[in-house]
Amino acid sequence: AEEEMTIKVSNEGELTVETEIEGAFKNNNPMINLVFENSKSDQWHQAEWIKVALSYLKENHGVEEVNLVGFSMGGISSFLYIETFSGEENLPVVKKLVAIGSPFNEFLEITDQSEESIIQDGPKVLSEQLANYTQLIANVPKETSFLLIGGELSEENSSDGTVPLHSSLGILSLLEKNNVLVNYKKITGKKGKHSYLKKNQEVIKETQHFIWEN
């Protein structure tokens, strides 16, 4: 895959597209970099901006299916987009989502729950955000599959230094209980640090395998 397009979304939801592609995409699995002018906006705005960008891709380039890869807030905004908009006919089908270091349960501290319990039952304390996802989970298409990647710096620090592991895996049990295919990967040690996850070669390989080979 090669990056062949950058779509920049303004705070008003207007698009600026940078590409050399004429007409339809080539058959080479092009990568598209989606950039928000206001990268610190809330997930609701970002989910709407994802919708605007994907609608553009379908209308102008005939894109029928996409895979989404989101780091940190990009993962939760992508998930909210899937729960809220993905059933609309004028949008591409989301086949896969990779969420890397994404705080699905915000930044709540839960220190007395094991990883096994989180995977099986989900976080025992739900943020308002995760409770909202629970209300919308029935909207997730069964043909969409997920890869959740979280970091754990040490046994004593079950987080990537920013996002708790239980938050990165916060929707795993929720998806499984709704018969949605979901995988997860935990990155341990110093290379599991939040800022390093998106350039970690193990993460890149896991993402590559999940999207292109799985």
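Keep in mind that the model is predicted.

Now take one pair from it. Strand β6 covers residues 145–152. Seven bridges join β6 to β7, in the parallel sense. On β7, K186 is the residue that stands opposite G150.

Next, two helices. Helix α1 spans residues 43–61, and helix α2 spans residues 73–85. Their axes come within 8 Å. The crossing angle is roughly 70 degrees. Angles of 65 to 115 degrees count as roughly perpendicular, so that is how α1 and α2 lie to each other. Their crossing is right-handed. Who makes the contact? From α1, the residues include W44, A47, I50 and L54. From α2, they include M73, I76, L80 and Y81.

Last, the cores. In soluble globular proteins, nonpolar side chains tend to be buried together. Here, the largest nonpolar core has 40 residues. Those with the most contacts inside it are F79, Y81, Y133 and F146. Look at Y133. Beyond its neighbours within four places in sequence, Y133 is in contact with Q43, I76, F79, L80, E83, F104, I171 and L174. There is also a second, separate core of nine residues. Among them are I100, L147, F210 and I211.

Conventions: Residues are numbered from 1 along each chain as its sequence is written. This is a predicted model: local features need pLDDT of at least 70, side-chain atom pairs count only at pLDDT 80 or more; totals for chains, interfaces and linings use all residues. Side-chain values use heavy atoms; hydrogens and water are left out. A nonpolar core is a set of buried Ala, Val, Leu, Ile, Met, Phe, Trp, Tyr and Cys residues joined through side-chain atoms within 4.5 Å. Buried means under 20% relative accessible area, exposed over 50%, partly exposed in between (1.4 Å probe, protein chains only). Contact means heavy atoms within 4.5 Å. Two strands pair if DSSP finds at least two bridges between them. Helices (H or I, at least four residues) and strands (E, at least two) are DSSP runs, numbered from the N terminus. Axes are lines fitted to C-alpha atoms, for helices over the stretch in contact, and angles run from 0 to 180 degrees between N-to-C directions. Angles under 35 degrees count as roughly parallel, over 145 as roughly antiparallel, 65 to 115 as roughly perpendicular and the rest as oblique. A crossing is left-handed if the near helix is turned anticlockwise from the far one by less than a right angle, and right-handed if clockwise.
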